[in-house]
Amino acid sequence: MSLTVTDLRVHYRTLRGEVKALDGVSFTVADGEIMGLAGESGSGKSTLGKSLIRLDGRMRHVGGTVELDGVELPVGDSAAMDRFRFSEVSVIPQYSMSALNPTRKIGKMVAELLASRGERLDPAELERRLELVGLSRDVLGRYPIELSGGMKQRVVMVVSTLLNPSLLIADEVTSALDVSSQKAVARTLLGLRDTGLVTSMIVVTHDISLVYQIADTIMVMYAGRLAEKAPADVIVTEPRHPYTRLLISSLPEVGVRQADKRLSGIPGSPPSLLDPPEGCRFRDRCPLAFDRCAEQPPFTEVAPGHSVACWKAA
Amino acid sequence: MLRLDGVSKIYRVGAFGGRELRAVSGVSFDVNPGEVVSLIGESGSGKSTLGRMVLRLTPASEGTITFDGTDVSAIRSRKAYYRQVQGVFQDPFSCYNPVFKADRVFAMIKQEYFPEMGRAEWRDRVESSLDGVRLDPGQVLGKYPHQLSGGQLQRMLIARALMLDIRLLVADEIISMLDASTRIDVLNLLGDLRARGLGILFVTHDLSLGNYVSDRTVVLRRGRIAEMGPTDRVFGNPLHPYTRTLLDSVPRLHTKWADEEPAAGQTPCPFHDRAPDTPVRSDLAEAEKEHYVACAGSGACPAAKETA
């Protein structure tokens, strides 16, 4: 087991109290697994991604453990985490466009970054990796402003994975890109895993159809908790959680026209995480809700590799 | 109703404005009442610039945009034009002033266009307009923008546009900031408005959304029309290599991307290698009835004469 997360709780401090953005999350990611992490805004997916590498100032680690390759990560202690960042756990941030230093040429920036970690890298290896993501070595002599959004995104991908991390977190890496660059970037992620540069990966996204293209498993979050985790095909074809079902059926696909088939959204909106209701958090919007939903359903395995948090799914 | 004829937009770039950048060149199409036309393109294709020109937010450099036969740039009173044509944009959050309550957008419409209308009558009008976009007036009126969701804010902006009995709505990427579970409702709303006779110019980069709601599709590439026609024909039988690439890149549920990248070999150019008796309208060939396609472009077609 590469990554084991047990009952992780992360809250945000606000003036009005604690926002329980991540409220008891347990799952595992196997070696070589690409896990898609899907959910709407406010579901806690980005909080989960971030808390595995760096909690920002407003985030507080309330409880739970994260274990990577048998070593417990000190997620609550930013200074102690520094030893693991970049080398064991790495991240491709959401806005790679602004992640690069605009005053440095790419090559110089990479060298400085490595030097700060006391590492050196063979230039030939760097060029090989640029080639892997479809960039020529010329980019090393260019400034970030000279590259397109998709190119910058891929430069950041190379930089993030220079030290062959065991776990890579890709946070909404394709959201700001055009469809054709989206495809190239998504395929690059796949290439990083297939060539063994990255052992396993968590791809955070709101776009299920995109992550379905590359992920082995998909985990769906709702209002700070896990709703369902299953192999990608199972999530798309036989989802068990009512939220996943409604979400999948609300996605328009190429070929679906309103005149032929009218899709519908999910009525209502997610609960406030400042003071979340007891029991299942999807209860108010769920067409299948019944009395027992007032009690929180456990996230249990209903079939091999398929876990669901719903009383009706078991 | 709305007609664009050879519309171009040229920006002056460089230190002293010495160079020209053609953001849009020679675009012609029209939007009829009760029709959704989607304008699809990647970033930099000029799709938003076109929307802005239709809304008179920026003037066209060449060509004409006419609304009911009148050149929009010649219309003296902007107010009269905006009574009939309104826009809704991508980011609903930045359309509201966070200091004021969200329904101030309605109050501003009243102040500007209906100053003499009575309070009760106006209230009824606001409520029926909110009803039209399926918002519960009790839930959204009197709230501040941060108390409402993106979908609610976006629908309020549509309701605001509808207060004016508009005939054309320019919807520029109105869905992209919304969550999956609510975006389909806004999309369905556009479909319902069409049924009431509203013409909609739906600007988007998302092919599946454009396909879901529109009657006709215009695919833009580098400021030019690559392909246009009835949506089912453009998506069912894409003729331009660019449209095909776009369609292949769209992530779909139930089907994974094909493993093989399409061979980069020479494919026939849909414009220059057209069948001998194909009708031609300026630089577009009418391959099927009302289905127009342009030259494959430099790199893919030896006969291409594309200006940089």
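Helices (H or I, at least four residues) and strands (E, at least two) are DSSP runs, numbered from the N terminus. The structure is a predicted model, in which local features need pLDDT of at least 70, side-chain atom pairs count only at pLDDT 80 or more, and totals for chains, interfaces and linings use all residues. Residues are numbered from 1 along each chain as its sequence is written, while chains are lettered from A and ligands numbered from 1 in the order in which they are written.

**View 1. Strand 1 of chain B and its pairing partners.** Strand 1 (residues 2–13) of chain B pairs with strand 2 (residues 19–31) of chain B in the antiparallel sense over nine bridges; two strands pair if DSSP finds at least two bridges between them. These two strands form a hairpin with five residues between them, and Gly14(B) in the turn has a positive phi of about 90 degrees. Strand 1 of chain B also runs antiparallel to strand 4 (residues 62–67) of chain B, joined by five bridges. Leu2(B) is opposite Phe67(B) in strand 4 of chain B and has Val31(B) as its bridge partner in strand 2 of chain B.

**View 2. Helix 5 and helix 6 of chain A.** The axes of helix 5 (residues 149–160) and helix 6 (residues 179–194) of chain A come within 10 Å and cross at roughly 10 degrees. Axes are lines fitted to C-alpha atoms, for helices over the stretch in contact, and angles run from 0 to 180 degrees between N-to-C directions. Helix 5 and helix 6 of chain A are therefore roughly parallel to each other (angles under 35 degrees count as such). Gly149(A), Gly150(A), Gln153(A), Arg154(A) and Met157(A) in helix 5 meet Ser181(A), Ala184(A), Val185(A) and Thr188(A) in helix 6; residues are in contact if their C-beta atoms, placed from the backbone, lie within 7 Å.

**View 3. The contact of chain A with chain B.** Chain A gives 32 residues to this contact and chain B gives 30 residues. On the side of chain A, helix 6, helix 7 (208–214) and helix 9 (242–249) each give two or more residues.

**View 4. Two domains of chain B.** Chain B is divided into domain 1 (2–214) and domain 2 (232–250 + 267–308), with bounds from an automatic or database domain assignment. Their centres, taken over C-alpha atoms, are separated by 30 Å. Four residues of domain 1 of chain B are in contact with five residues of domain 2 of chain B. Helix 8 (residues 207–213) of chain B gives the most to the domain 1 side, with three residues.

Terms used: Angles under 35 degrees count as roughly parallel, over 145 as roughly antiparallel, 65 to 115 as roughly perpendicular and the rest as oblique. Two residues are in contact if their C-beta atoms, placed from the backbone, lie within 7 Å.
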